Amino acid sequence: MRVEMFTFLLAGLICLGGALGVVLFRNTVHNALSLVATLFGVAVLFIAQEAYFLAAVQVIVYAGAIVILFLFVIMLLGVDRADQMGVDPIVGQRTAAVVFGVAILGLSLVALLSGPEVVTGTPATTAALSSDIPDVNQIGEALFTDYVFAFEITAVLLTIAVVGAVVLARRSDGPVIDEDEFDGTALDALALEEPSDVGDPDQDTADGADPGSGADETDPDDLEEASR
Amino acid sequence: MIIQVPPTVPVVPEQLDPSAVPLAVPEIVWSAVAPALVLMIGGILLLTVVSLVRKPLPSWFHATWTVATATAAICATVPLWQRVQDNGASSEMAGTVGLDGFSLFVTGVICVSVILAALLLEGYLRREDLVGPEWYVLMLLSASGGVVMASANDLIVLFLGLEILSVAVYVLAAMHSRRTSSQEAGLKYFVLGAFSSAFLLYGIALTYGATGSTNLAGIQTFLADNVLVDNGLLLAGLAFMLVGFGFKVAAVPFHMWAPDVYQGAPTPVSAYMAAGVKAAGFAGLLRVFVTTFGPTYREEWMPMVAALAVLSLVVGSVMAIIQTNVKRMLAYSSISHAGFILLGVAAASDAGTSAALFYLLVYTFMVAGSFGVVTLIGRKGDGRHSLEDYRGLSRARPGLALVFTVFLLAQSGIPLTGGFLAKFYVIGAIVDEGLYALAAVAMLTAVISAFLYLRVIVAMYFAGPAGAEEGSEEPAEFAGPPVRIPAAAGLALGLALVGTLALGIVPGPATEVTRDATAELTVGN
Amino acid sequence: MTAVIPVMILLPFLGALVIGLTPARRAEVFRPIAVLASGGTAAVAAYVLTQFESGEAGYQFVVDRTWIADLGISMHFGIDGISLFLVLMTAGIFPIAILGAKPHHDPKPYYAWLLILQAGSIGVFCALDLVMFFVFFEIVLVPMYFLIGMWGHGRRTYAATKFFLYTMAGSALMLVGIFALALLQSNATGDPLTFDIVTITDNLAVSTTAGRWIFVALAIAFAVKVPLFPLHTWLPDAHTEAPTAGSVILAAVMLKLGTYGFLRLGIEMLPEASVWAAPVLMTLGVIGLTYGAIAATMQKDLKRLVAYSSVAHLGFIILGMFSLTTQGIEGGVLIMVNHGITTGALFLLVGMIYERRHTRLISELSGLQKVAPVMAAVFTTVMLASVGLPGLNGFPGEFLALLGAFSGARWWGVVAVTGVILAALYLLWAYQRTFHGPLTAENASMKDMTGSEFAVMVPLLALIVFLGIYPTPLLERMEPSVEAVIVHVEESVPGFISPDPGLERRAVGDHGDGAEEGEG
C-alpha cells in the first residue's frame, strides 16, 4: 500500500469516526470533541494534497476557534447532567485517545515529511499545484481572480447565517399553539426551550470563519445549526 | 484515465515571483450582476434601516420595501435582456457569471415569487402576532442566492448560490416560533438540505476531478475536445449532482422532506419554497445538465432524469390524493409538478428548456396563489389546513373559493389557464424527442392529480354539512372564525390570478420570452 | 358577417361575465340575463343558418387569427354542413334548458356555468384547429362538473367526479396524440408546425402506423365522451344525478362532442386509420346500442332509463358514421341533432315529473295520464320520436344510419335493427308503467304541465314533427360536406371504395363489407 493511500484511508477513517461521534455521543462535550477529530482528519487530507495553508486554516479556524467556542458555550450553559468523570463511559477510552492522538500526529508528520513525489503517486487529472509558488499565494490569487465573485458572495451567506442565528435563538414570545397537532413524541424530541444567549457566540463564529475559508463556506452554518 | 490533460486549466501563472506581476484581476462588471445586487443590497439596507430606527416601523413598510426591491430587480433585468438579445450572451467576473436570457428569465421568476410571498407574509405576520423585518430580509437574501444560482457559470458559484438560497429558507421555515411544526420543518429541511448540499458538493468535486474545471464553459469545452477513456468519475459526479438537485426540486425519491416541510413551514414561506426555491433549483439543473452536459453526455443522464420524472409524477400524484391536509396535498402535488418540469429537462432540447421555464413561471403564479388561499384559510394559528376546514367555503367566501378553484383547475391543466399551456409545452417538447410513453404517463398522472384538486373543490362547493347524508341540498356551514383577507394578500391573490389566466389566454409574449431565454455558456474574458 | 362565430362564442361568455359581476342578492335578474345571452346566441345561430350557402362543401364563416405563433396554433373557426346543425342545436337547446328548469339554490353560479358551457360547446363544433378543439373540448368539463356537483341529486359528488376524471383521462392521451400528429406532420412535410385541421386533413403525411396510433389516442378520448361501450359507465351516473338542465345539455350537446370528434378528427382527418378501425368501432357501436337498450329495459329509475337510451342512440351514430357511406354519416349527424332534441325533451319531462313527485322510480309512478293528460300527450310524442316512429324526427336518422350500415356492413346492420325493436320495448314499457295503470294516492295530486312549461316544450315538439316529416333542409345542407368527406376518404386510402350505393355513381351497388376490404 502506498503511503498516500494509507494516509488517505486513515485520515478518512478518523473523519468518519469523528462524524459518527458527533451524532452518536450523548454528551455535548463529546460531540464537540468528536468534531475536532473530523476537522483534524480533513486537515490531514489537505496536507496530503499539499494544501498546507488550507490545512493550517482548518486547524486554526475550525478546530481552534469554532469548536472551542462551541465548547465555551456548552460549558457556560452548564453540563449539568451527571458526568461521572471517574468511570470511562466507553471501555478503553483513554487508550483509544492516546492511540488516535499519536496516529494523527504520525500521519501529519508522514504527510509533512514525505515529499510531493511520494504523496502524489500518479498525476492528478487536474494540474498539480505548482510547488514553486507558495500555496497561500495560489489561494489568494485564485480567490481574487477566478473565484472573486464566489468569494464576494460568501459575504451574503454569512450575513444570512448571522441573521438566522439571531432569529432562531430568540426566545418565542408566547405559548406553543399547535400542540394538538402532535402526538407528543415530536414535542419531546425537539428541545423547545432554547437557550436565549446562543445567538451571540454563533454570530462571532460565523464572522470568525470569514477570512480563511474561501469557497466552501457552508460548514460554519451547518455546524451552527447542528450544534443546537 | 483521460487522454489529454487540459493545458488551459491551471490557474497558476508562469511567473516564478508572484509579487513581480500584478494580479490579473478580472474586470468586475457590476451591471451583469445587477439583479442579484439589487436584492442583496435591498435586503441588507432593510436590515440596517430597521436596526437604526428607534421606533418599530409599521409592518407594511417591510413588505413594501421587499416588493419594491424585487420589482427593482425585475426592472434591472430589462436592460440586460436587451443587451443579451442585441449582443448575445456573455460571461463576466472571470467567466463565473453567465449573462444570458435563461438567467435573466429565472431571475424574473424568482423575483415574482418574492413579491407574491412578501405580500402574503404581510398579513400573515400581523395575524400571527409575529414581528420582524428578518422574514423579508431573509427572503430577499435568499432570492439573491437563487439569482446567483440561475446565472452561475461556475459550479462553485452555483453551489454558493444554492447555499445562500437554502440557508435562508431553512431559517424561514423555522421562524414561526410558536408553532412546533414550523420548528420541526426547519430542522428537517436543514438536515436534509445540508445532506443534499453535501451530495451536490461531492458531485462537483468529482466533476472537477474528471474535467479539471469548475467552470461550466470550461467543462463543456473540455468534454467537446476530449474523449474520456474512463468516465466513471464523471458519471459518479453527474449522479451525485443529480441527487443534490433532486433534493432541491423535491423529485422522487429525494422528496421525503417536502411534505413535512411544506406542511410545517409558515404558509407564505411554503409558497416561496414551492415557487422560488424550486425555480432556482431547476435553473441549476437545466444549466448544468442540459446546457453543460447536454451535448456530450445526454445519453447518460437523460434516462436518470426521465426516471426521476416518472417517479415524481406517479408518486406525487398518487400520494397527493390520499392526503387530508391541504398543505400536504399541495406539497405532493408540487412533487408531481416537479416531475412535469423534469420531463422538460429530460427532453434536453431548446424546446424542453423553454417549456420548463414557461412551466416554472406559470407554476409560480399557480402555487403562490394556492398557498395564498391556504394562508388565509389557515386563520390565526396557521393550523386550519384540513380538508374539513374548506367545507362550505363557497358560501362563506365565494370569491376566495372561486379564486382557489381557478388555481386548482390551473394546476390540473384545464385549458385557458396557464397550467394547461405549461403542460402542453412540456408534452410538445418530449413528443418532439419521440418520448411518447413519457408523455402518456405524464398526462395520465395529471388525471390522477386532478382527483386531488377535485377533492378540494368538492369540499368547498359540494359538501353538505358534516355528517349529513350525501345529496342533501342543505349547504355546509363554514366552520371556525371568519376568514379575513388583508389588502396585501388580496393583491397577491389578484396578481397570481391575473398571471395564471393571462398566461393561459394570451401566452404569446411569455412564450416569446421563454423561447429567447436560452442558456448559453460563454468562455469568460 | 365573418364574425358570427366569435359572437356565438363570446356572447354567452359575456352573459356569464355580467352574471358574475352582478351581486348575488339580485337573484331575480340572473335568469333573464341567461335567457337573453343564450337566446341571443340562438338568434345569431339562426342568422348563420339563413346565411349558410347550401351546396357548398367547404367551411364558411371562417375566422383565422394566430393565437400562439411559435407553435402554429391559430384561432381558426369555421362551419360546414356537418357542424352547422350541431351549432344550431347547441345554440337552441340552451335557452330551452334554461327556461325549462330552475335551480333550487344559488342561481347566480348556476346560470353563469350554463352560459360558459354554451360558449365552450359552440367552440368545439366550430374549431378548425386541433388545439382550439382540445381547449374547448376540455373546458366544457368544468361547468358541467359544477352543474352536476352543486345542483345535482343523490350521489352528485361521486357522479361529478367520475364524469370529470373519466373524460379527462380520455383527453389526456388525446393531447399527446394531437402533438404527435402535428410534429410528425411537420417533420414529414417540412412545413412549419401547424395544428390546423384543414391543412392537416388536406395533406396528411404521417406514416400509416403513426396515423393509427394517433387515431387510437384520439379515439379513446372520443369514445369516453360518446360514450362507447365499455367506457360508458360514467354516463348513467352523471345523467341521473345531474340537475334537469344538466342532463339535457349532457345528452343533447356534450355527447355529440365525442361523435363529432370521431367524424371531424377521425374519419375526415385520419381516413386510413378510420378505415382500419371501422370494424372495431362499428362492433362497439352495435354492442353499445344493444347493451344500452337491454340495460334501459331493466332500469327502475326513469332518468337512468333515458340515460341508457342515450347509450343506445349514440351507438347508432357510431355505427352509421363508421359504415363510411354518405347515408351512414348523414344518418349519424341527423341522429346527433334529433337525439339532442328528443332526449333533451325527455329529460325535461322527467325533470318536471321529479319536481312534482320527488321520485323518479318507475314503480312509484303510475297512472299519471289521468291527472296529467297534457304531459302524457307530450311524453307520448317525444317517446315515439325517440323510438324512431316514422313521421317523427327519430326516424330519418336511424333509417339512414341503418341504410349505410346495411350497404357497408350488413351483419352489423342486422344486429342493430334489434336495437330498434328493443328501443320500442323499453320506452313503451316505461311509458305504460308510468302513465297508465292504476292511479295511486301519491300520484293523484300531481299537477299537469303549466302553460310556461308547455311553452318550453312547443319548439321541441315542433322540431320533432317538422324534422320527421321534412328532413330535407338538413340533408341538403350537409350532403355536400358529407360527400366530400367520403370522397376524401376514398382518395386518401388506396384500395378503399366506399360501399356507398348513392355516392357519385348513383347506382345501387353492393360492395359487401367494404370496411374490411379497405383494411389492406
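The structure is a predicted model, in which local features need pLDDT of at least 70, side-chain atom pairs count only at pLDDT 80 or more, and totals for chains, interfaces and linings use all residues. Residues are numbered from 1 along each chain as its sequence is written, while chains are lettered from A and ligands numbered from 1 in the order in which they are written.

**Confidence**

The model scores ipTM 0.87 and pTM 0.86. Chain C averages a pLDDT of 85, with 96% of the residues scoring at least 70, where pLDDT is the predictor's confidence in each residue, from 0 to 100. Over residues 505–520 of chain C, however, pLDDT stays under 50. Where pLDDT is low, the predicted coordinates should not be read in detail.

**Helices of chain B**

Helices are DSSP runs of H or I with at least four residues, strands are runs of E with at least two, and both are numbered from the N terminus. Helix α15 of chain B covers residues 398–412, and its 15 residues reach 21 Å from the first C-alpha to the last, close to the 21 Å expected at 1.5 Å a residue; the expected span is 1.5 Å times one less than the number of residues. Because 12 of the 15 residues of α15(B) are buried, this helix is largely enclosed by the rest of the structure. A residue is buried if 20 or more other C-beta atoms, placed from the backbone, lie within 10 Å of its own, exposed if 12 or fewer do, and partly exposed in between. Among the buried residues of α15(B) are Leu400(B), Phe404(B) and Ser412(B).

Helix α9 of chain B, residues 257–264, is mostly covered, since seven of its eight residues are buried, including Trp257(B) and Tyr262(B). The buried residues of α9(B) pack against α5, α6, α10 and α12 of chain B.

Helices α16(B) and α18(B) pack at an angle of about 50 degrees, with their axes 6 Å apart; the axes are lines fitted to C-alpha atoms over the stretch in contact, and angles run from 0 to 180 degrees between N-to-C directions. The two helices α16(B) and α18(B) are therefore oblique to each other, given that angles under 35 degrees count as roughly parallel, over 145 as roughly antiparallel, 65 to 115 as roughly perpendicular and the rest as oblique.

**Backbone features in loops**

| Residue | Feature | Loop |
|---|---|---|
| Pro253(B) | cis bond with Val252(B), omega about 5 degrees | between α8 and α9 of chain B |
| Pro230(C) | cis bond with Phe229(C), omega about 5 degrees | between α9 and α10 of chain C |
| Leu416(B) | positive phi of about 70 degrees | between α15 and α16 of chain B |
| His358(C) | positive phi of about 55 degrees | between α14 and α15 of chain C |

Leu416(B) has 19 C-beta neighbours inside 10 Å and so counts as partly exposed, whereas His358(C), with 10, counts as exposed.

**Where chains B and C meet**

In this interface, 29 residues of chain B are in contact with 31 residues of chain C, two residues being in contact if their C-beta atoms, placed from the backbone, lie within 7 Å. The largest share of the side of chain B that touches chain C, 13 residues, comes from α17(B).
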